[in-house]
Amino acid sequence: MNTSDLTDLPTPLDAGTQRRAMADWLLDTATPKFALLVTWLLCIFAILLACSPIEFSTGVPADAGASLFSWLPESILRSGLFFTGVRVVLAVSAVCWILRVAVPVSCWATTFGFMLMWSLRMENLTNGAHIFNVTNMLMFIHALWYQFYWRQMRSGIDAGSLMNTACYPRWAFLLSLFYLGWFHTLAGITKIVNSGFGWGNGVSLQLWTELFGNTGTPFAQTILFDTRLTAVMQTGALMIECFSILCVFNRSVRYAVGVGLTGFYIGVLTTFVTFGFHFNAVLVAIFLLPVDWLIGLKFCNKHQSAIDGVQ
Amino acid sequence: MRPLPAAPPVIRRGLELWLAGAFALVHLVAPVLIGERYPFTISPMFCDQPAECCTYAVADANGKQIDPEIFHLHLVYDGNPPGLGMGIQHTPTLHPYCFPCQRQQVTDHVKAIMQREGIAGPVTITRRHLFPRDHKIIDETDQWKVSIDAAEKNGAAGNKSAPLNQNASPNQIANPNKDVGNTAGASPP
């Protein structure tokens, strides 16, 4: 048994044993191939963001800030020089993280540099965007992983066997799944709260496609074909979003959610080409499709030996 | 910031699990307590449910396109609820959610701006109206010429707009004088 599903948890004897078994189970480790792939990808996203120029919209600052950094003085938020400085810090720290230089400092510098970089953009724009929340939060989780497991990784590197060193904990993988699932479930909940269960009536999606979409693509043509068909697709997408959080609990459900969300993103990316959801799509595919299985992500079941020890 | 090699393993293991749990807990409550503030989000993209939409283009007497933002007819809606998760307020527009406005409302609005800004005109407003009919989206284009006469230039309010022509494509129909009833969400600046 080597999956990461919560349903794999052992049945313990009492509350204390249950807590210990749960903790041990969450602390089970796997080789870091999968996590390193994710980390490198996140760092590449960070470098891409650092290379992108900013747009300073003119106008009155919004009453409610766009980010946790909205408390910064206006002179900082609108400063091109400060923005350039953050870009440099972000690019350098991301490269350092990839090269494992100055970790875990470079991990946190990348994570908070990314957060500040995107916050500065949001603070200077008249429209919100949600294309980097997932990237940034997965970066945070993986910085946390480096923070606690860098010592083991260092040992593996020194021994020339990092790829065979069990140093990627199950909690890091599950927490990433949790964030991905919750992010998409929230999207479903917000739609229902805002527009009700009838959100997927087909008309709104057709309007968005006409307004913002590339209407020449086959997927857009399908959407525009008939409102009733579009309503089925839209409601299906809503259901997939709402149930995304279930990906944490079971591997089969995770793959099913992954197929649904990946299909959803393929539709979004081929229709709303300029919206920039590519980063989310890539991360959804990596975590929710059987990439872990292909790479051979297997966590060592230390909890069983712990229970045996108690017994 | 350094790794925690000095801490006893039990404490270190407890700390990493505690931090992981705190991360999950914060994100569970953040939509209610923090809302839409990066890096926290309520994922509001496309959460509304428009029933019909309008966009506007403006041209001068020579047919040269003018930035519709000058006339507060620009589109700020991009699928995100306007005003949420942005740091700069967008320039006020007649139709924040791209909801259709009545022709009278649009022309009065444009006239008021022409008077205020001293724009002689005339200008041509091209309205693209998207609405559902027979399980498809109909793309309708109307054009209205708006001008202000001498009396209006001196401050008298009035309405002098005339339909010019209608451009129809295979999926478009023309309706030069149709007033659109749904004005929900329209908030003139």
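**Exercise 1.** With which residue does A:Arg254 form a salt bridge?

*Solution.* A salt bridge requires a side-chain nitrogen of Lys or Arg within 4 Å of a carboxyl oxygen of Asp or Glu. A:Arg254 meets this rule with A:Asp292, their closest N and O atoms being 3.2 Å apart. A:Arg254 belongs to helix α11 (residues 251–271) of chain A and A:Asp292 to helix α13 (residues 291–295) of chain A, and the two are 38 residues apart. Helices here are DSSP runs of H or I with at least four residues, strands are runs of E with at least two, and both are numbered from the N terminus. Both A:Arg254 and A:Asp292 are buried; buried means under 20% relative accessible area, exposed over 50%, and partly exposed in between (1.4 Å probe, protein chains only).

This is a predicted model, in which local features need pLDDT of at least 70, side-chain atom pairs count only at pLDDT 80 or more, and totals for chains, interfaces and linings use all residues. Residues are numbered from 1 along each chain as its sequence is written, chains are lettered from A and ligands numbered from 1 in the order in which they are written, and side-chain values use heavy atoms, leaving out hydrogens and water.

**Exercise 2.** Which chains does the salt bridge of A:Glu210 and B:Arg128 join?

*Solution.* The N to O distance of this pair is 3.3 Å. A:Glu210 sits in helix α8 (residues 203–212) of chain A and B:Arg128 in strand β3 of chain B, so the bridge joins two chains. A:Glu210 is buried at 13% relative accessibility, whereas B:Arg128 is partly exposed at 25%. Through shared partners, A:Glu210, B:Arg128 and B:Asp139 form one network of salt bridges.

**Exercise 3.** At what angle do the axes of helices α6 and α12 of chain A cross?

*Solution.* The axes are lines fitted to C-alpha atoms over the stretch in contact, with angles from 0 to 180 degrees between N-to-C directions. Those of α6 (residues 133–158) and α12 (residues 278–288) come within 9 Å and cross at roughly 45°. That makes α6(A) oblique to α12(A): angles under 35 degrees count as roughly parallel, over 145 as roughly antiparallel, 65 to 115 as roughly perpendicular and the rest as oblique.

**Exercise 4.** Where in chain B does B:Asp134 lie?

*Solution.* B:Asp134 is in the loop between β3 (123–133) and β4 (136–146) of chain B. B:Asp134 is not a glycine, yet has a positive phi of about 55°. With a relative accessible area of 67%, B:Asp134 is exposed.
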